[in-house]
Amino acid sequence: MVRPERIASVPYRTSTAMILTPIDTSDLPAVLERFEQQLSGRSLALAALARVARSIPSDGDLGDPQVLRAQAIELAAELGIETLDEEPAAAFSWDGQRIRTRSEPSVVIHEVAHWQLCSPERRALYDFGLGAGPETGRIEEANLVTALSEEERQDEEGLTSLLGILWEAELGQPALFAFLEQNWLEGYDRPATALHCDRMLSRLHAAGFIDAEARPLLVARKTGQIL
């Protein structure tokens, strides 16, 4: 059974404004148990859930944000991604060349995952041609270079969300918060919710971005690669 180590006394790391249906932390162990049941027989998804559910340290210490941010920047460097110590609100989260890193560590990791999953042709576009990100300052300019349909953008965002969450878990960061904030437990008691999560993880695995234990890999999408 997957369980968070100690979540009841730990406040959310960031605002829960994006959560469709907030889950009380005291209810979280039961929610995770029910979601695990819905994933029965799906080994890849169960491995991912185990990593995410156990990402909160037993002492409740979520870590120094500066240290977590440094880890995110180091991850970017391992992939050959340039970064800039500046707020995304000054321009773009991704300006076609660099990730602006003066934001939440989880946001920086999410942008790294975007870079991995973005087609090489779109890496030259503001915010990867997906439209302005939530922290981008030059919104109109980012939206003008949107290169995918709404359906395609939502699909890539979902894959990116899971990859970023798995990177947080891999780095020892509190990935469970992002799993909640990005609504992967919305409708946790419905089979369709678990099936969607499993399908997205299976696509990441088939495309070579995570291994059979749901650990993320230092790879990037290639020209012509279909996710």
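## A helical chain and its nonpolar core

Of the 227 residues in the protein chain, 48% are buried (buried means under 20% relative accessible area, exposed over 50% and partly exposed in between, with a 1.4 Å probe and protein chains only). This is a predicted model, in which local features need pLDDT of at least 70 and side-chain atom pairs count only at pLDDT 80 or more, while totals for chains, interfaces and linings use all residues. Residues are numbered from 1 along each chain as its sequence is written, and side-chain values use heavy atoms, with hydrogens and water left out.

**Overall layout**

- The protein chain has eight helices and two strands; these are DSSP runs numbered from the N terminus, with helices (H or I) of at least four residues and strands (E) of at least two.
- Starting at the N terminus, the order of elements is α-α-α-β-β-α-α-α-α-α.
- Among contacts (heavy atoms within 4.5 Å) between residues at least 6 apart in sequence, 66% join residues at least 24 apart.

**The nonpolar core**

- The largest nonpolar core holds 55 residues, and F179, L185 and L201 touch the most other members.
- Such a core is a set of buried Ala, Val, Leu, Ile, Met, Phe, Trp, Tyr and Cys residues joined through side-chain atoms within 4.5 Å.
- At least two residues of this core come from each of α1 (28-38), α2 (43-53), α3, α4, α6 (150-170), α7 (175-181) and α8 (191-206).
- Setting aside neighbours within four places in sequence, L201 contacts L44, A45, A48, L162, L166 and I210.

**Helix α2**

- Helix α2 is largely enclosed by the rest of the structure, because eight of its eleven residues are buried.
- Those buried residues are L44, A45, A47, A48, L49, A50, V52 and A53, and they pack against α1, α6, α7 and α8.

**Helices α3 and α4 side by side**

- Helix α3 (residues 65-78) packs with helix α4 (residues 105-117) at an angle of about 10°, with axes 8 Å apart; axes are lines fitted to C-alpha atoms, for helices over the stretch in contact, and angles run from 0 to 180 degrees between N-to-C directions.
- The two helices are therefore roughly parallel to each other (angles under 35 degrees).
- On the α3 side, P65, L68, R69, A72, L75 and A76 meet P105, V108, I109 and V112 of α4.
- By class, this contact of α3 with α4 has nine nonpolar, no polar and one charged residues; Ala, Val, Leu, Ile, Met, Phe, Trp, Tyr, Cys and Pro count as nonpolar, Asp, Glu, Lys and Arg as charged, and the others, Gly among them, as polar.

**A look at Q38**

- Q38 lies in helix α1 and counts as buried at 15% relative accessibility.
- Not counting residues up to four places away in sequence, Q38 touches Y188, D189, R190, P191 and A194.

How values were computed. Parallel < 35°, antiparallel > 145°, perpendicular 65-115°, else oblique.
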